[in-house]
Amino acid sequence: MTTSGGSRGDSNESSQKGTTMAVSPNSDVDQLNQGFVDMSLNSNQDNSWDLFLGNKNGDGGGWRSWVQPDTKKTDESANNQISGDYNYVSEDELLSDDYDSDDSQESHDTRKKNPWFSEFFGTLDDLTPQQINEPVRQWHCPACQNGPCSIKWYRGMKSFLTHIKTKGTRRPKLHRDLAKLLDEELCRRGAMVIQSGESYGKWKGLDKDVKDHEIVWPPMVIVMNTQLQQDENEKWIGIGTQELLSYFDSYEAVRARSSFGPEGHRGMSVLIFDTSAVGYLEAERLSKEFESEGLGRDAWDHYPNVFHLEGNKRQLYGFMATKEDLEIFNQYSHAKLKMKFELVSYQEKVVKRLKQMNEDSQQLHWYKKKVAKQEISLKALEESFWIVSQKLKKLEEESRIVRERTQLYHEQNKEEMDFQEKFFKDQLKVIQDARNAYKKEESKRIEKSCVDERKEKVESSKEMKGKVDEIA
């Protein structure tokens, strides 16, 4: 958990090792993941939580410290190393107020132990009132932790208090609780923030108790002088409901009714608005418009002009309905036909709902931004998908062509190999036949040679025998 605190701008700050900042974009929403590594403490920074972002000189970020280091510490922890990852959450993810405080029954000390504030007040307890009010001391906001403002400096307690008391777009409830808690803590410790040239406690503001009053619900506007004339039965007739709505169609009334008595139309009608804070604002806007033109309750009660100065038309008057007005309206109505209404708290029905609508509108704006970013991301993904699909199709086509060519080459090579195989077999057969014929001829030649040689030997022996016989 990221915490907040102050750091004094001493001139003898020792040089720090550089930090590594890793930034990686996300396809849905641009998020930054920042890792803070290779962080060290020297003797002047022992026992303090110093996280450095980039360069203190302003060329890559600021630096974070919970509390001014104690210069009286020894150097025994001078070479301690602090390393780790610090997740930097995107701004969009922090818009909703994920903190719900119910500290009405908790003591001040118990509230200080809140996980969001415990480290902040733990470091604040180690400071004297003079150190807290030092104008050069810088502070981080614990209510902004894990957000884009978590690395922001607030120079002096005055600037820090202004931030937590006026923050309205991100975790406003958490900031207000921190402001109340810090004000009480500073009062207890006698460290109220008073700038030079300013005075404190010389003025009185509004009462802290919120004044409330009851209003008629649903919101209604009484419209007077809606009688027109008497009919043949001497009964009064007046404006119709649809005609009355058409006169004030720009104010978004949902229904209209008129009051009737024994003599007919009583000249009293009512415009009924939606049972919402917006409906009340519309009714109030119509009432103020009547009043701004001098046609409000006071004009009707004291100096009404039944007819308009220009022409023969009756002049309508209007004002916000009260309980007494509706009791007069229902005077001659039967039980089932009486105008139904109730008295409710203005703060509950209007103020709180408007605040909720404001929060909902901020939430809606946040969701719209998120959806817009998602649409941009989706469009980028679609374009990437289309490009990849085209590349894939091209690769598939190329693979198909390669397969076809390979098949063609295979068939051609097979035909050629078959032809060569047949050719070599024929050649081998010719060679084999020639060899066999040669062997046969050679055997015949050898056999004939042996026969001739045998004959020669026989003839030779015969000649020798003849010569021997002659000699004998």
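Is Lys422 buried or exposed, and what is its relative accessible area?

Modeller: Lys422 is exposed, because its relative accessible area is 53%, and the cut-off for that word is over 50%. The model is a predicted one, so the values that follow are computed from its atoms.

The side chain of Lys422 meets that of Asp426 in a salt bridge, with N and O 3.4 Å apart. Asp426 is partly exposed, since its relative accessible area is 36%. Both residues belong to helix 10 and stand four residues apart, about one turn of the helix. An α-helix has 3.6 residues a turn, so residues three or four places apart point the same way.

Further along helix 10, Glu442 and Arg445 are three residues apart, again about one turn, and their side chains form a salt bridge with an N to O distance of 2.2 Å. Glu442 is partly exposed at 21% relative accessible area, and Arg445 is partly exposed too, at 48%. Lys457 is bridged to Glu453, where the closest N and O atoms are 3.9 Å apart, a value that falls within the 4 Å cut-off. Lys457 and Glu453 are separated by about one helical turn because they lie four residues apart in helix 10. Lys457 counts as exposed at 55% relative accessibility, whereas Glu453 counts as partly exposed at 40%. Salt bridges that share partners also join Glu397, Arg400 and Glu404 into one network. The structure as a whole holds nine salt bridges.

Asp325 has its place in helix 9 and counts as buried, because its relative accessibility is 9%. Apart from residues within four places in sequence, Asp325 is in contact with Ile222, Met268, Arg297, Phe319 and Met320.

Among the buried residues of helix 5 are Leu174, Leu178, Leu181 and Leu182, along with His175, Asp177 and Glu185. The cover over the buried residues of helix 5 includes helix 1, helix 2, helix 3 and helix 4. Just after helix 5, Gly190 takes a positive phi of about 65 degrees.

The cysteines need some care, since a disulfide is a covalent bond between the sulfur atoms of two cysteines. The structure holds zero disulfides. Cys141 is in none, and the nearest cysteine sulfur, belonging to Cys144, is 3.8 Å away, whereas the cut-off applied is 2.5 Å. Cys141 counts as buried at 2% relative accessibility, and Cys144 counts as buried at 6%.

Definitions and conventions: Residues are numbered from 1 along each chain as its sequence is written. This is a predicted model: local features need pLDDT of at least 70, side-chain atom pairs count only at pLDDT 80 or more; totals for chains, interfaces and linings use all residues. Side-chain values use heavy atoms; hydrogens and water are left out. Buried means under 20% relative accessible area, exposed over 50%, partly exposed in between (1.4 Å probe, protein chains only). Helices (H or I, at least four residues) and strands (E, at least two) are DSSP runs, numbered from the N terminus. Contact means heavy atoms within 4.5 Å.
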